[in-house]
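Hi,

Here is the structure I promised to pass on.

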Amino acid sequence: WFNNKESVNFTCICGDISEYATETEFQYYKSNVDTYSPNTPVYTTTGNHDAQSSLNNDMWFEYTNCERCMSFEYNGDLFVFFGMNAWSLGSGGTPYLEEDIDWLENLLRENRNKRVFIFTHLFFPDKAGNFNHIYPSGNWLGGTQLTRLNWLNKTFVNSIWFSGHSH
């Protein structure tokens, strides 16, 4: 629809392009993008359903043409895709690799004078998501990774965060 009806430069997705992270599901995603968006790039990051116990990075790239964590500049703005590495939620969860959080922090420091759009899957539980309390407690980002990402969100006010997960 975007490809045929609107003037869109690219589309961004906040993860969960699959249910079980199977190759068949990723093939289906790629077929849909190739068929329905042949002239408009589609960028996505990984969600918990895409990562399952841990992400197969090679298969992810093969079918999405995206890195789990990546960035690009467009019209002076920075677009960042910050993907989950594993389905690991709650207060003890570690869905992101620590080196990826370091990468994100460095990227934000280097681009503190630009507008930065961050696409990730997990929401900040005190800011968004869990509409009508449909998710049980702990079905989101928590613990030390939440603390660190909250700090990045509050420190780098030039960043605008987009998330999925709450469907």
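Below is what turned up, taken topic by topic.

A word on the ground rules: this is a predicted model, so local features need pLDDT of at least 70 and side-chain atom pairs count only at pLDDT 80 or more, while totals for chains, interfaces and linings use all residues. Residues are numbered from 1 along each chain as its sequence is written, and side-chain values use heavy atoms, with hydrogens and water left out.

The largest pocket holds about 210 Å³ of space. (A pocket here is an open set of points on a 1 Å grid over the protein atoms alone, where a 1.4 Å probe fits, with protein on both sides within 12 Å along at least five of seven lines; lining residues have an atom within 4 Å of a point. The volume is the space filled by probe spheres set on the points, which are joined across faces, edges and corners.) Its lining counts 14 residues, and Val33, Asp34, Val42, Thr64 and Asn65 are the closest to the centre. Two or more lining residues come from each of α2 (23-36), β2 (42-44) and α4 (57-64), and α2 gives the most, with four. (Helices are DSSP runs of H or I, at least four residues, and strands are runs of E, at least two, numbered from the N terminus.) By type, the lining splits into seven nonpolar, four polar and three charged residues. (Nonpolar is Ala, Val, Leu, Ile, Met, Phe, Trp, Tyr, Cys and Pro; charged is Asp, Glu, Lys and Arg; the others, Gly among them, are polar.)

Next, the hairpin. Strands β3 (residues 69-74) and β4 (residues 77-82) run antiparallel and are joined by six bridges; pairing takes at least two DSSP bridges. Cys69 sits opposite Phe82 in β4. Two residues lie between the strands, and Asn75 has a positive phi near 50 degrees.

And the cysteines? The whole structure has zero disulfides, a disulfide being a pair of cysteine sulfur atoms within 2.5 Å. For Cys69, the nearest cysteine sulfur is that of Cys66, 12 Å away. The sulfur of Cys14 is too far for a bond, because the closest one, in Cys12, is 7.9 Å off. Cys14 is buried at 14% relative accessibility and Cys69 is buried at 17%. (Buried is under 20% relative accessible area, exposed over 50%, partly exposed in between, with a 1.4 Å probe and protein chains only.)

Last, Asn130, in the loop between β5 (116-120) and α6 (143-155). Asn130 is buried too, at 13%. Leaving aside neighbours within four places in sequence, Asn130 contacts Phe123, Tyr135, Trp140 and Ser166, where contact means heavy atoms within 4.5 Å.

Cheers
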